[in-house]
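Hi,

Here is the structure I promised to pass on. Have a look at it first, and then read on for my notes.

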Amino acid sequence: MQVTILNDLDNKLTQVGNSMAQKAQEVIGNASASGMIHEEEQKIKQCYAQIGRQFAQQLSAGAVPAEYEALYTKILSLEKEIADLEASPQPMPPSGSADVCVNCGAKLHEGQEFCINCGMKRQKQTGFENMEAGEKTEVITPASMQNSPDTAVQQRACPACGAEIESGQLFCISCGNKLR
């Protein structure tokens with residue numbers, strides 16, 4: 001009798017194990033299919049982009065159909081902006097103004113070591129001189145950030161370094177800790 005109970009238990013455990021293995025294979029198959037679908041969607045996007053570039057090249061050689069004129073004009077305008085930016089060096093901010101984060105463009109204030117919007121660390125750069133005042137200017141450049149687990153923005157002190165934080169800050173200005 002005990003052997004029968006043990007055999008029944010063994011059979012049931014085997015069935016459960018086989019069922020779990022089958023479910024795991026289904027999940028793996030679904031994840032694999034999802035990944036392959038994503039790859040194929042990316043290939044389609046690349047093809048559309050290539051068609052668009054080829055079409056734009058054809059438009060530049062001849063008359064632009066009215067339905068594409070606004071988009072083509074926008075492309076030409078953006079290309080000119082890029083060429084202008086590449087051709088002329090960007091001036092540094094005037095002396096006394098707030099520095100600007102080169103990653104996100106947020107204004108930075110004296111004593112602020114990290115951007116409150118993106119968390120980029122302020123690093124003093126040598127060789128960049130203020131064109132008007134001739135003095136060194138601090139800029140924010142991408143650097144490794146130390147992010148800790150998400151914390152609420154409403155708190156009054158950074159959980160990593162204890163520095164005072166203001167409502168709405170996404171990153172601590174003293175240590176760069178991510179506050180959300």
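A word on burial to begin with: a residue is called buried under 20% relative accessible area, exposed over 50%, and partly exposed in between (1.4 Å probe, protein chains only). By that scale Met 120 is buried, at 11% relative accessibility.

Before the rest, some housekeeping. This is a predicted model, in which local features need pLDDT of at least 70 and side-chain atom pairs count only at pLDDT 80 or more, while totals for chains, interfaces and linings use all residues. Residues are numbered from 1 along each chain as its sequence is written, and side-chain values use heavy atoms, with hydrogens and water left out.

**The chain as a whole**

The secondary structure comes to two helices and four strands, where helices (H or I, at least four residues) and strands (E, at least two) are DSSP runs, numbered from the N terminus. Read from the N terminus, the order is α-α-β-β-β-β. Of the 180 residues, 18% count as buried. The accessible surface is about 13,500 Å², and carbon and sulfur atoms hold 56% of that; accessible areas come from the Shrake-Rupley method with a 1.4 Å probe, and for residues only the protein chains shown count as cover. As for contacts (heavy atoms within 4.5 Å), take those between residues at least 6 apart in sequence: 37% of them join residues at least 24 apart.

**The cysteines**

A disulfide is a covalent bond between the sulfur atoms of two cysteines, and the cut-off used here is a pair of cysteine sulfur atoms within 2.5 Å. For Cys 158 the closest cysteine sulfur is in Cys 175, and at 3.7 Å that is too far for a bond.

**The loop between S2 and S3**

Met 120 sits in the loop between strand S2 (107-108) and strand S3 (122-129). Between Met 120 and Cys 175 there are 10.0 Å in space, C-alpha to C-alpha, although they are 55 residues apart in sequence. Gln 112 is found in the loop between S2 and S3 too, and its relative accessible area of 6% makes it buried. Leaving out residues up to four places away in sequence, Gln 112 touches Lys 107, Arg 122 and Ile 173.

**Salt bridges in the helices**

A search of the whole structure turns up two salt bridges, each defined as a side-chain nitrogen of Lys or Arg within 4 Å of a carboxyl oxygen of Asp or Glu. One joins the side chains of Glu 40 and Lys 43, at 3.4 Å from N to O. These two residues are three apart in helix H1 (residues 2-61), which puts about one helical turn between them. Glu 40 is partly exposed at 41% relative accessibility, and so is Lys 43 at 44%.

The other joins Asp 84 and Lys 80, at 2.9 Å from N to O. Both lie in helix H2 (residues 66-87), four residues apart, again about one turn of the helix. Asp 84 counts as partly exposed, at 40%, whereas Lys 80 is exposed, at 52%.

**One aromatic pair**

Rings of Phe, Tyr and Trp (its six-membered ring) are paired if their centres lie within 6.5 Å; planes under 30 degrees apart count as stacked, over 60 as edge-to-face and the rest as tilted. That rule gives one aromatic pair. The ring centres of Phe 55 and Tyr 68 are 4.9 Å apart and their planes stand at 70°, so the pair is edge-to-face. It links distant parts of the chain, with Phe 55 in helix H1 and Tyr 68 in helix H2, 13 residues apart. Phe 55 is partly exposed at 32%, as is Tyr 68 at 35%.

Leu 9 belongs to helix H1 and is partly exposed, at 47% relative accessible area.

Best wishes
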